[in-house]
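Biologist: I have a structure open on my screen. Can we go through it in short questions and answers?

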Amino acid sequence: MSEIILHQYPQSPVAEKVRVGFGIKNLEWRSVEIPRIPPKPDLIPLTGGYRRTPVMQIGADIYCDSQCILRELEKRYPEPAYYPANEHHYSGGLSWAFARWTDDRLFAQTIKLVLAGAGDALPADFAEDRGRLYFGPDWQTELEAAKDEIAHIRAQLRGQFMWLDDWLAGQQALQKEYVLSDKPGVADACAYYLVWFIRGRWSGGPELLSEFPNLQRWEEKVKAIGHGKSSGMTGAQALAVALNSETTTAETCDKHDPQGLKPGMKVGIGPDIDGGEVSTTGVVHAVSSETISLMRESTQTGTVCVHFPRVGYRVEALG
Ligand SMILES: N[C@@H](CCC(=O)N[C@@H](CS)C(=O)NCC(=O)O)C(=O)O
């Protein structure tokens, strides 16, 4: 099997989620460090436009978004499982439902606090890029308003971290150290990266978290899992891997697809929020309720298969 390549940078919180995912399965992976703001000249030819971090590459298969990345890792490396099975339940669906809370609203509020909480310390190009991405077309006004609302945002986060602390106290009482089980899983990675981000990147983070003893105990346990084993690779080497590989994804269709998407159709896809991002266009290769995979070609990469989650993304049929 081709090597796992993660296109990322060390400060990226969502990459930290995936790094913990590597740790849970104790995987070996290659790290390509990408720029923190566009242009990303060695990444965009692989994704066809998607610029967010992280992106995983395995040969000529390109997985955009941590949802897609972690699901693919679970398929390829099923043990130890990301969805630990307890005596009475299997936690797959619940893990992803939990992830919609952490990755959608909680992530947005955490980002807001970190960016607004940095005050004027953000470099102008970084503020402009992340402002447009996370605060929308009116980002300057929105960011200024958020700076006056730190106490409110903090109250929003405090209440939600309290839920997590309370849940973890309950788990502890059942001799379970992790979010859904006595073993770590995807739900732990999905909650941990926000705690990691807020502790490391907002000056008030450690104080905010100090109120939550159960959360802190769990945080130490997740931190101790580590990130598996990584070694570096250059962007040019990763492009050469794509050029010399072929997708291993089979063509599939889904007769119940609500949008009638089928292999062979030309579509555009991107995150379902206005972050000013470029859509990726390509020809549908595989479609399911969870994932859509597009074939694309470029001189730098040859033919690649680019995978996106369905939830949180908008697919538009083109012509
Ligand atoms: N839903 C995406 C979110 C990815 C995301 O927003 N990542 C942030 C940073 S960790 C990002 O892309 N920031 C801008 C960038 O790196 O260019 C996922 O789960 O992978």
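**Burial, ligand, domains and helices**

Modeller: This is a predicted model. Asp-65 is buried, with 23 other C-beta atoms within 10 Å.

Biologist: Where is Asp-65 placed, and what is its phi near?

Modeller: Asp-65 sits in the loop between β4 (61-64) and α3. Asp-65 is a residue other than glycine, and its phi is positive. The value is near 85 degrees.

Biologist: Is Asn-26 buried, exposed or partly exposed?

Modeller: Asn-26 lies in the loop between α1 and β2 (28-33). Its phi is also a positive value, near 50 degrees. Around Asn-26, 13 other C-beta atoms lie within 10 Å. A residue counts as buried at 20 or more and as exposed at 12 or fewer, so anything in between is partly exposed. Asn-26 is therefore partly exposed.

Biologist: And Leu-318, buried or exposed?

Modeller: Leu-318 is in the segment after β10 (313-317). Leaving out residues up to four places away in sequence, Leu-318 touches Lys-266, Val-267, Gly-268 and Thr-281. The count for Leu-318 is 12 other C-beta atoms within 10 Å, so the residue is exposed.

Biologist: How far apart in space are Leu-318 and Arg-76?

Modeller: In sequence, Leu-318 and Arg-76 are 242 residues apart. In space, C-alpha to C-alpha, the distance is 32 Å.

Biologist: Which element gives the most to the shell around the ligand?

Modeller: The ligand is surrounded by 13 residues, and the closest are Ser-12, Val-14, Arg-52, Thr-53 and Ser-66. Two elements give two or more residues to this shell: α1 (13-25) and α3 (66-76). By class, the shell has four nonpolar, four polar and five charged residues. With three residues, the element that gives the most is α1.

Biologist: Thr-53 is among those closest residues. Which residue does a cis peptide bond join to Thr-53?

Modeller: The omega of that bond is about 5 degrees.

Biologist: Which element gives the most to the side of domain 1 that touches domain 2?

Modeller: Domain 1 covers 4-80 + 230-317, and domain 2 covers 92-225. Their contact takes 15 residues from domain 1 and 21 residues from domain 2. On the domain 1 side, α1 and α3 give two or more residues. With eight residues, the one that gives the most is α1.

Biologist: How far apart are the C-alpha centres of the two domains?

Modeller: The pair is domain 1 and domain 2. Their C-alpha centres lie apart by 24 Å.

Biologist: How is α4 oriented relative to α6, parallel or perpendicular?

Modeller: Helix α4 (residues 92-117) and helix α6 (residues 139-147) pack with their axes 9 Å apart, at an angle of about 85 degrees. Angles of 65 to 115 count as roughly perpendicular. So α4 and α6 are roughly perpendicular.

Biologist: Which residues of α6 make the contact with α5?

Modeller: The axes of helix α5 (residues 124-135) and α6 come within 9 Å and cross at roughly 90 degrees. From α5, the contact takes Gly-131, Arg-132 and Phe-135. From α6, it takes Trp-139, Gln-140, Glu-142 and Leu-143.

How values were computed
Residues numbered from 1 in each chain as written. Predicted model: local features only at pLDDT ≥ 70, side-chain atom pairs only at ≥ 80, totals over all residues. Near = placed C-beta within 6 Å. Helix = DSSP H or I, 4+ residues; strand = E, 2+ residues; numbered from the N terminus. Nonpolar A, V, L, I, M, F, W, Y, C, P; charged D, E, K, R; others polar. Domains from an automatic or database assignment. Contact = placed C-beta atoms within 7 Å. Axes fitted to C-alpha atoms, helices over the stretch in contact; angles between N-to-C directions. Parallel < 35°, antiparallel > 145°, perpendicular 65-115°, else oblique.
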